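Hello,

Here is the structure for your files. My notes on one helix and its charged side chains follow below.

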Amino acid sequence: MTTLHEPAAPSASAELSVWPASTTEPRPGDLAVGGVPLAEIADRFGTPVYVLDENEVRDRCRTYRHAFPDAEVLYAAKAFLCRAMIRWMDEEGLGLDVCSAGELELAVTTGFPPERIVLHGNAKSPRDLDTALRLGVGRIVIDSPSEIARLAASVGPGGHQKVMVRVVPGISAGGHEKIRTGTDDQKFGLSISDGYAQHAIARILDQPQLELTGLHCHLGSQITSVKPYLAAVRRMVGLMARLHEQHGLVLPELDLGGGHGIAYRPGEQGLDLTALAHRVRKELAEACAAAGLPVPHLAIEPGRAIVGPAGIALYHVLSAKHAGEKVFVAVDGGMSDNPRPALYGVRYAPRLIGRHSVADPTRVTVVGRHCEAGDILAADVELPGDVRPGDLLGVPVAGAYHLSLASGYNLVGRPPVAAVRDGCVRLLVRRESLDDICSRDVGV
């Protein structure tokens, strides 16, 4: 295994390279994933609908465990979370990285062991911390000095809680400025360069009920190069060496976060996981040897790289019209179920599903149904020139940050999630109904 995504079968077209490995074309113009025709899923559950290939998710978990056999692999729940996903992560031997009391409660009430959960976040609420302590979360990642006193008080003089410190290593990496979190000019973590990280660590050491187990960093998202991670290893080990000199402290854990990039369109490159694992282990061993430190236990936090390529979003076309030189294809979803193009300018490669077209391809912009000019799902992409209302479009690589970022804009309701495996399809998350929405409105 050389990359996060297994190569497509030799008979598959290049356009299917970013689709789940189980994707087949049983007849021209049609696609099936996990042995289930996508058109049948759209007919059964309506559109928009998210489709998740369970075997693709599980295979990616196993790829991580194979590449990092001695590390702790924590699934970043913010990418996508539901009860089925929690069970899959438990069965595949991964831990969980959560950001809120809600994610934590869902995981533990589903049966996930709390000691295999890490809680982080730049602004944890009292409820977040109280829930973490009540449920016995494995580690809490401290992100600001004010959390130290609040957490110590909540634990109490006779209590005990393992903690880590999120450190800002001063490294710029990530696919967009809004998802770069390793630099000093953003809201996460405590900086090495200005001494805040070292000061916070000294304060934690003065709290006997808090056990500092290691350092945490997260550089950003959609990182496709190994080099930033190697730089992070060097800087984190450098900090560990200074802590050892100042406090005699030997930290047993180092969490390098996630942010592992994936391909969203054919021809794009994702992060080479095999190279990452090999070079990070080598860099960590060499840096620790030079500093005279034992090699800490490594943890990583993939989210998008596990669930992103396993998902497909299905939409029906509502209209196709010309506006000057542009062609707009409007679908029955949009920024309420996928705000990422509006937030980060991400680009997708939609495909006509369910019928074979012999029309020449034409450049179109796929737009959503919402009252925003920025409600664009895929700008300047090729679709058959005869695309028309009623057609079904499939958007691959839709497993991460779609439902988790979905909103109630225009009160259209969030889409359902259906899972496919071995020729069967089942509902994981039902569609949000108008009754669901109205039940929250108590103002009459």
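Is Arg 58 buried or exposed? Arg 58 counts as buried, at 7% relative accessibility (buried is under 20% relative accessible area, exposed over 50%, partly exposed in between, with a 1.4 Å probe and protein chains only).

On the source: this is a predicted model, in which local features need pLDDT of at least 70 and side-chain atom pairs count only at pLDDT 80 or more, while totals for chains, interfaces and linings use all residues. Residues are numbered from 1 along each chain as its sequence is written, and side-chain values use heavy atoms, with hydrogens and water left out.

Arg 58 makes a salt bridge with Glu 54 at 2.9 Å, N to O (a salt bridge is a side-chain nitrogen of Lys or Arg within 4 Å of a carboxyl oxygen of Asp or Glu). The two are 4 residues apart in helix H2, so about one helical turn separates them (helices are DSSP runs of H or I, at least four residues, and strands are runs of E, at least two, numbered from the N terminus). Glu 54 is buried too, with a relative accessible area of 4%.

Asp 59 pairs with Arg 62 in a salt bridge, with 3.9 Å between the closest N and O atoms. Asp 59 is partly exposed at 41%, and Arg 62 is partly exposed at 45%.

Arg 62 also forms a salt bridge with Glu 92, at 2.8 Å. Glu 92 lies in the loop between helix H3 (83-91) and strand S5 (95-98), so this pair ties together parts 30 residues apart in sequence.

Regards
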